[in-house]
Amino acid sequence: MQPENKELTVLKSQVSKLENQANAVIIATPEENALAIDLKAKLKEIGQTIKARKEEITKPLNAALKSARELFAPIEEQYEIAENIVGRKLLDYKQKVEAEARAMEAKIAARVEKGTMKIETAERKIEQIPTMQKTIKTSFGSVQFRKIKKVRITDLNLIPDQYWVIDEVKLRKDVLAGIVVPGAIMFEEEIV
């Protein structure tokens with residue numbers, strides 16, 4: 001067994017004993033109350049030991065993670081900018097090709113209506129109009145054009161109440177500071 005596993009096994013057995021004692025606690029007399037207070041103190045002490053041991057492991061990991069994120073952040077930002085530029089240019093070109101295709105289709109439809117072109121010829125010519133495919137593959141990879149649905153709020157005043165979320169952190173801070181907020185009150189709750 002590794003030392004870490006032995007240490008965790010010891011902590012686990014201590015916590016199990018304390019949990020069994022907590023389940024067995026009955027407080028009906030001052031002496032039992034004193035024993036429960038001692039048990040609470042032991043639990044708090046073991047909790048601090050667990051937290052300290054866990055932080056011995058997690059703090060260096062968190063520091064390394066923070067360092068790695070800081071190291072890659074500028075590169076990732078540049079990458080996103082470059083990717084957005086190329087994506088925007090690809091979409092602009094696709095929209096230009098589609099607009100040209102619609103214009104050509106309109107011209108062909110106008111000639112059919114005028115009677116200067118047969119419907120069969122028009123169908124053949126429309127099929128020959130170059131269009132952009134949804135997925136374009138190259139030797140390096142592929143690009144897929146998709147349409148996604150999004151929502152833009154046009155008037156905040158028209159949004160029904162059911163869609164609003166209360167900022168509970170700000171509300172708590174203001175109410176505890178003595179600011180009267182309709183629909184919220186300050187109260188006290190006892191904890192151990």
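Okay, some ground rules. The model is predicted, so local features need pLDDT of at least 70, side-chain atom pairs count only at pLDDT 80 or more, and totals for chains, interfaces and linings use all residues. Residues are numbered from 1 along each chain as its sequence is written, and side-chain values use heavy atoms, leaving out hydrogens and water.

So, what's in there? We've got four helices and two strands, with helices (H or I) being DSSP runs of at least four residues and strands (E) of at least two, numbered from the N terminus. Walk along the sequence and you get α-α-α-β-β-α.

Now the shape. What radius of gyration does the protein have? It's 35 Å, whereas a compact globule of 192 residues would be near 16 Å. That radius is taken over C-alpha atoms, and the globule rule is 2.2 Å times the number of residues to the power 0.38. Along the principal axes, the C-alpha atoms fill a box of roughly 110 × 55 × 35 Å.

Last stop, the largest nonpolar core: five residues, A101, I108, M117, A122 and I129. A core like this is a set of buried Ala, Val, Leu, Ile, Met, Phe, Trp, Tyr and Cys residues joined through side-chain atoms within 4.5 Å. Take I108: leaving aside residues up to four places away in sequence, I108 touches M117, A122, K125, I126 and I129, with contact meaning heavy atoms within 4.5 Å.

Note on methods: Buried means under 20% relative accessible area, exposed over 50%, partly exposed in between (1.4 Å probe, protein chains only).
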